Amino acid sequence: MPKREFYGLSFDLLGFVPNKFELYELALVHKSASIPSKDGVPMNNERLEFLGDAILGSITADILYKYFPNKSEGFLTQIRSKIVSRESLNRLALKIGLNKQVMSNVNLNNNKHIYGDAFEALVGAIYLDQGYSVTKTFIEDKIFRNYINIEEVVTVETNFKSKLIEWAQKNKKDVVFDTREDGLDKEMKLPVFISEVEVESNMMGTGIGASKKEAQQMAAKEALLRLEEPLVATA
C-alpha cells in the first residue's frame, strides 16, 4: 500500500495518493542539493519547475477566464501575473508548508524564491503523475479555494513606487520621476502617459500607462528589477 504521506506532502493537501513518489521527491530538490542519477547526471527540480510554470499559468488563465466573463485580455493578464508572480508563489509555498520540505544547500533566508520554484515543480510533478485534469482540480479546489482570494488580488495594488522610495530613503539615494502625457491611445481614445525614473541622476526605468500613477508604477517596477530589489505587495 502506498504511504498516506510522502515527504510531508499530506493527502489532505494533494487530494490523492501519489503514484510516482520519485517525482514529488525531485520537486523538492533545489539545484544546490542536486542528487546524481545512475548516469552521474545531477537531478533537481528545475525541469519540473519549467513544466509546472506553464501548467500553472494555463490553469490560472482558465480559472480567470471563467470567473471574469466580461473583462478584457489586458485585465486578465494583469491578474494572472499577480497570482503567479514569484512573490505570490513564495507566500503560497510558505502557507502550505513547502519551506519545511525543500532540500537546499543555500541560505534560504536570502533565497526565498526557492519556495515558489518548488511549488511550480510540485505542480509539474502532479501533472506528470496524475495528468491535467487532476492537476486542475488540485489548483482549483486545494489552492484557489483555500489560499487565493481573487477579489482581493484585484483590489490589492502592488505599489512599486512606494517600494522604490523606501529603498531610496534607506540607502540615502535621490529618486526623481519625470511623468508627462504622451499622446492618445488611438483605440481607446484616452491619454497615454510616460514616466521616467532616475536614481542619483541615472535613468533606471521607463513606464507607460493610462494614468500618471500607472506609468510611474511601471517605471518604478523596472527600476526595482534593475536594482535587484524584491517586488513585494504593499497594501
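## Where α5 meets α6

Helices α5 and α6 are roughly perpendicular to each other. In this predicted model, α5 (residues 86-95) packs against α6 at an angle of about 80°, and the two axes are 7 Å apart.

On the α5 side, the contact is made by Arg86, Leu89, Asn90, Leu92, Ala93 and Leu94, which meet His113, Tyr115, Gly116, Asp117, Phe119 and Glu120 of α6. Sorted by class, this contact has six nonpolar, three polar and three charged residues.

## The listed active site

Which residues does UniProt list for "active site"? The entry, which is unreviewed, gives Asp53 and Glu120. They are spread over 68 residues of sequence, yet they cluster in space, with a largest C-alpha distance of 5.4 Å.

Asp53 is found in helix α3 (residues 46-67), while Glu120 belongs to α6. Are these two residues buried or exposed? Asp53 is partly exposed, because its relative accessible area is 41%. Glu120, with a relative accessible area of 1%, is buried, since the cut-off for buried is under 20%. Leaving aside neighbours within four places in sequence, Glu120 is in contact with Leu48, Glu49, Gly52, Asp53, Leu56, Arg86 and Leu89. One of these partners is therefore Asp53, the other residue in the UniProt listing, as contact means heavy atoms within 4.5 Å.

## Where α6 meets α7

Helix α6 (residues 113-130) also packs with helix α7 (residues 132-147), here at an angle of about 140° and with axes 7 Å apart. The two helices are therefore oblique to each other: an angle has to be over 145 degrees to count as roughly antiparallel.

From α6, the residues involved are Phe119, Leu122, Val123, Ile126, Tyr127 and Gln130; in α7 they meet Tyr132, Val134, Thr135, Phe138, Ile139 and Ile143. This contact divides into 10 nonpolar residues, two polar and no charged.

## The two sides of α9

In helix α9 (residues 160-170), the buried residues include Phe160, Lys163, Leu164, Trp167 and Ala168. Why do they lie on the same side of α9? They cover an arc of only 135° around the axis, which puts them on one side of the helix. An α-helix has 3.6 residues a turn, so residues three or four places apart point the same way.

Gln169 and Lys170 lie on the other side of α9 and are exposed. Just after this helix, Lys172 takes a positive phi of about 55°.

Conventions: Residues numbered from 1 in each chain as written. Predicted model: local features only at pLDDT ≥ 70, side-chain atom pairs only at ≥ 80, totals over all residues. Heavy atoms only, no water. Axes fitted to C-alpha atoms, helices over the stretch in contact; angles between N-to-C directions. Helix = DSSP H or I, 4+ residues; strand = E, 2+ residues; numbered from the N terminus. Parallel < 35°, antiparallel > 145°, perpendicular 65-115°, else oblique. Nonpolar A, V, L, I, M, F, W, Y, C, P; charged D, E, K, R; others polar. Buried < 20%, exposed > 50% of the residue type's maximum accessible area, 1.4 Å probe, protein only. Arc of directions from axis to C-beta. UniProt positions renumbered as here; feature names shortened; annotations may be inferred.
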